[in-house]
Amino acid sequence: MQSGINLQSNIANTSFQGLLLEEFILEPNLRREFGIPENFSELALNFSDQAATILHLLIVTHVGLPIPSDVIKEVINWLIAKRHTTLIFRSISDIIATVRSEQDKYNSCCRSAICHGIVGSDDFAFGALRIAASVNNTWARHHHIYGLIHGIKNCNLQAQYELEMAYNNEPYSETKTRILQALEILK
């Protein structure tokens, strides 16, 4: 019985990692900050054929594909190897955004939270999300990211709360669809 629960938990964890990876991929120019080459023929050299094909489809055509867990792990491990230099640049971006506008500060903190969440630095991700929430707690983006990270950590009640907040406050149907995908994992 316990192994069934663990398997279900691992599947949910991997599913939430895939959704956070999708947010990372969809975020404009965030890949470039991580040093991922825009030329995907070069990127294909860093991953298996399966991972490169799926990344290409996600990034170029934005099709919603279920990502196999081994591909997610492969991509996440590669991103983790890039974590230190990238996260320094994200910190600098947050500081610069703070002096421009509240909207820029919010967006930058959400982008940083995605980066920290991708590489498993949850404390830093939650710190960035707290700053975003302090700008405007009724905006949806930070709730969405909070929910995904809580889902990765198997904190299902917190994930559901945050994802429901995101869904209720999200004005865009495409993003609402992605939030619903995350909520479905919790069922």
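The model is a predicted one, in which local features need pLDDT of at least 70 and side-chain atom pairs count only at pLDDT 80 or more, while totals for chains, interfaces and linings use all residues. Residues are numbered from 1 along each chain as its sequence is written, and side-chain values use heavy atoms, with hydrogens and water left out.

**Overall make-up**

The secondary structure of the protein comes to 11 helices and 0 strands, where helices (H or I, at least four residues) and strands (E, at least two) are DSSP runs numbered from the N terminus. Of the 187 residues, 47% count as buried, a word that stands for under 20% relative accessible area, with exposed meaning over 50% and partly exposed the range in between (1.4 Å probe, protein chains only). The accessible surface, computed by the Shrake-Rupley method with a 1.4 Å probe, comes to about 9,800 Å², and 56% of this belongs to carbon and sulfur atoms. Among contacts (heavy atoms within 4.5 Å) between residues at least 6 apart in sequence, 58% join residues at least 24 apart.

**Helix 7 with helix 9**

Helix 7 (residues 102-118) packs against helix 9 at an angle of about 10°, their axes being 10 Å apart; axes here are lines fitted to C-alpha atoms, for helices over the stretch in contact, and angles run from 0 to 180 degrees between N-to-C directions. The two helices are therefore roughly parallel to each other, given that angles under 35 degrees count as roughly parallel, over 145 as roughly antiparallel, 65 to 115 as roughly perpendicular and the rest as oblique. On the side of helix 7 the contact is made by Y106, C110, A113, I114 and G117, and on the side of helix 9 by R141, H142, I145 and I149. These residues divide into 6 nonpolar, 2 polar and 1 charged, with Ala, Val, Leu, Ile, Met, Phe, Trp, Tyr, Cys and Pro counted as nonpolar, Asp, Glu, Lys and Arg as charged, and the others, Gly among them, as polar.

R141, which lies in helix 9 (residues 141-152), touches E23, E27, Y106, C110, I114 and R178, residues up to four places away in sequence not being counted. H142, also placed in helix 9, is in contact with Y106, C110, L129, A132, A133, N136 and N137, again leaving aside neighbours within four places in sequence.

The table gives C-alpha distances for these two residues.

| Pair | Separation in sequence | C-alpha distance |
|---|---|---|
| R141 and L163 | 22 residues | 9.7 Å |
| H142 and A113 | 29 residues | 8.4 Å |

As for accessibility, R141 counts as buried at 18% relative accessibility, and H142 is buried with a relative accessible area of 0%.

N154 is found in the loop between helix 9 and helix 10, where its phi is near 60°, a positive value in a residue other than glycine. At 35% relative accessibility, N154 counts as partly exposed.

The axes of helix 10 (residues 156-169) and helix 11 (residues 173-185) come within 10 Å and cross at roughly 160°, and the two helices are therefore roughly antiparallel to each other. Their contact is made by Q160, L163, E164, A166 and Y167 of helix 10 and K176, I179, L180, A182 and L183 of helix 11, a set that divides into 7 nonpolar, 1 polar and 2 charged residues.
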